[in-house]
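Q: I have this one open and want to go through a few local features with you. Can we take them one at a time?

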Amino acid sequence: MELTLAHWLYLAGTLIIILTMLFRQNVVVPALVMVLFVAWAFTGSFLDGVQAIFNANLTAATQLFNIFLIIAVMTTLLKSIQSIGADEQMIKPFQKVIRNGPLAFWVLVIVTYFLSLFFWPAPAVPLIGALMIPVAIKAGLPPIGAAIAISLAGHGMALSSDFILKVAPELTASSSPTISSGDVGELTLILSLVAGIVSITIAYFMIRKHIKQPSQQNLTEWEESGDDDLNIRVKDTEVKKGKYSPIFAVIVPVIFLIIVAYVVIATFSDFIPAIEDGAGSSLVGGTALILIIIMSLFRNYKSTLQDVSKHIVSGFVFAFKVMGLVIPVAAFFFIGSGQLAASILGTDPNTTPSFLFDLVQASQAYIPDNNFFTALGVLLLGMVSGLDGSGFSALPLIGSLSEALGATTGMDATTLASIGQVGAIWVGGGTLVAWSPIIAIAGFAKISVIDLVRKSFIPVVIGLIVTTVFAVLLF
């Protein structure tokens with residue numbers, strides 16, 4: 001497809017937003033303005049451009065609401081646990097393992113990686129965020145360190161190979177008869193580990209100087225940080241410790257461990273029915289809401305109706321206060337997706353272009369005929385395609401481009417496809433995209449998602465480049 005003015009404006013908007021983030025400035029205004037310009041250029045109507053600003057934000061809010069909801073629900077659960085005084089007792093077993101900041105970082109990496117391999121990071125993050133981030137912070141790990149460990153291990157290293165569920169390798173191979181999903185799965189497992197080891201190690205040394213000595217004060221300061229809406233610790237609710245507090249301190253983590261075991265067994269055996277794709281988060285969220293009601297009943301059954309409502313409202317306020325600014329940024333990048341652009345622009349889905357994918361395809365012709373530059377080009381195309389906040393949507397395109405480039409350069413198409421898959425999911429799945437599911441990680445750590453992306457940028461980029469060189473030399 002021929003590139004239009006709207007395509008070039010979309011490219012300019014992408015570069016402006018990335019540069020604005022790198023210069024530590026807020027990206028909301030550039031995102032909103034560029035939505036107007038792209039829609040205006042494509043439709044030829046200024047009025048349609050104005051309407052597209054609202055439609056794009058509405059679409060982004062709809063697409064991201066499941067993440068907002070799980071943050072709100074798990075925050076509500078934390079407040080309920082605190083209201084019965086079970087929070088300190090619940091984390092005591094973890095404290096025996098996580099005794100200091102460095103150990104906390106690597107325990108988070110290992111636990112997140114293995115949980116995310118079995119049922120993806122989205123349902124794993126709420127469990128880790130609710131149960132382990134407070135322990136890690138008390139051990140001396142800064143909130144940004146906890147968030148980076150979970151983000152890079154889950155949404156980067158584990159998701160980019162998707163070795164267990166194999167959705168990503170099958171998508172990558174789906175558009176090419178010469179590429180095997182099994183081969184892609186095996187190779188991406190190796191490449192994802194290389195990228196993960198390099199990037200996580202670099203990230204650790206970047207945050208190491210901020211690690212503190214273990215102290216209860218670390219946890220207290222973190223819980224009370226920010227304004228009242230961002231304060232996780234319950235101040236306006238009386239904490240009632242009773243004989244049921246130790247029971248719930250055991251029941252809550254045990255129930256979530258049972259959920260993990262259920263998902264793993266359902267995935268790899270026929271003993272119990274398998275859950276549908278994406279149902280893990282629903283199972284976690286629904287269970288959390290039931291626990292919230294039960295804990296409130298045992299705390300004070302007379303005020304259950306008021307207490308549960310108050311905790312849920314405060315959970316939603318927390319989620320939207322922390323993550324609300326992500327919606328306008330996501331709105332701009334969603335306008336580049338062929339599936340969403342038509343509803344945003346109010347045009348025919350069959351004739352509405354996918355600005356992002358069109359730009360990726362057009363750039364193929366400018367990749368030099370050299371093995372290293374070809375591999376680097378595929379990596380870059382994968383990373384750019386991940387800017388839609390998914391990382392998965394462009395994998396068939398990566399597979400077909402890898403087959404074409406492999407035929408012209410003599411490189412192994414499977415190697416190229418694996419490089420592209422790792423790049424797309426590390427960025428869009430995502431560790432470098434603020435409008436991806438890492439919103440939840442930032443929410444649980446009580447940090448800005450933009451800060452999380454900015455701190456992850458250097459480690460991730462270096463890790464992906466090293467991985468590409470590794471793949472070219474060895475495969």
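Predicted model: local features only at pLDDT ≥ 70, side-chain atom pairs only at ≥ 80, totals over all residues.

Q: What do the side chains of D451 and R454 meet in?
A: A salt bridge, with 2.7 Å from N to O.

Q: Buried or exposed, what does R454 count as?
A: R454 counts as buried, at 17% relative accessibility.

Q: How many salt bridges does a search of the whole structure find?
A: Three. Besides the one between D451 and R454, there is a salt bridge between R299 and D307, and another between K212 and E221.

Q: How far apart are the closest N and O atoms of R299 and D307?
A: They are 3.1 Å apart.

Q: And for K212 with E221, how far apart are the closest N and O atoms?
A: 4.0 Å. The cut-off for a salt bridge is a nitrogen to oxygen distance within 4 Å.

Q: What about the accessibility of K212?
A: K212 is partly exposed, with a relative accessible area of 46%. E221 also counts as partly exposed, at 39% relative accessibility.

Q: Back to R299: is it buried or exposed?
A: Buried, with a relative accessible area of 15%. D307 counts as buried too, at 10% relative accessibility. Buried here means under 20% relative accessible area.

Q: Why would such side chains pair at all?
A: Side chains of opposite charge can pair when their charged atoms come close.

Q: Changing topic to cavities. How many of 30 Å³ or more does the structure hold?
A: Three. The second largest cavity holds about 40 Å³ of space.

Q: Which residues line the second largest cavity?
A: The lining is S80, S83, I292, M295, S296, R299, D307 and H311. R299 and D307, the salt-bridged pair, are therefore both in that lining and both buried.

Q: Which elements give two or more residues to the lining of that second largest cavity?
A: Helix 3 (46-83), helix 13 (279-300) and helix 14 (304-323). Helix 13 gives the largest share, four residues.

Q: What is the lining of the second largest cavity by class?
A: It has two nonpolar, four polar and two charged residues.

Q: Now the pockets. How much space lies in the second largest pocket?
A: About 780 Å³. Its lining has 29 residues, and those nearest the centre of the pocket are I18, L380, M383, V384 and L387.

Q: And its lining by class?
A: The lining of the second largest pocket has 25 nonpolar, three polar and one charged residues.

Q: Which helices supply at least two residues of the lining of the second largest pocket?
A: Helix 1 (5-22), helix 17 (355-363), helix 18 (371-385) and helix 22 (449-474).

Q: On to the surface. Which residues form the nonpolar patch?
A: I18, L19, L22, F23, M206, F457, I458, I462 and V466, with about 760 Å² of accessible area together. Helix 1 and helix 22 each give two or more residues to the patch, and helix 22 gives the most, with four. I18 belongs to this patch and is also among the residues nearest the centre of the second largest pocket.

Q: Where is L22 placed, by the way?
A: L22 is in helix 1. L22 is partly exposed, with a relative accessible area of 42%.

Q: Last topic, backbone. What is the phi of D162?
A: The phi of D162 is near 50 degrees, a positive value in a residue other than glycine. Most residues other than glycine have a negative phi. D162 is in the loop between helix 8 (143-161) and helix 9 (167-173), and counts as buried at 2% relative accessibility.

Q: What about K446 and its phi?
A: K446 is not a glycine either, and has a positive phi of about 60 degrees. K446 is in the loop between helix 21 and helix 22, and counts as buried at 15% relative accessibility.

Q: Where is A440, then?
A: A440 is in helix 21, residues 438-445, and counts as buried at 5% relative accessibility.

Terms used: Residues numbered from 1 in each chain as written. Heavy atoms only, no water. 1 Å grid on protein atoms, 1.4 Å probe; cavity = no way out; pocket = protein on both sides within 12 Å on 5 of 7 lines; lining within 4 Å. Points joined across faces, edges and corners; volume = space filled by probe spheres on them. Nonpolar A, V, L, I, M, F, W, Y, C, P; charged D, E, K, R; others polar. Patch = residues over 30% accessible without salt bridge, like charges linked within 9 Å, V, L, I, M, F, W, Y side chains within 5 Å. Areas by Shrake-Rupley, 256 points an atom, 1.4 Å probe, with all protein chains shown as cover. Buried < 20%, exposed > 50% of the residue type's maximum accessible area, 1.4 Å probe, protein only.
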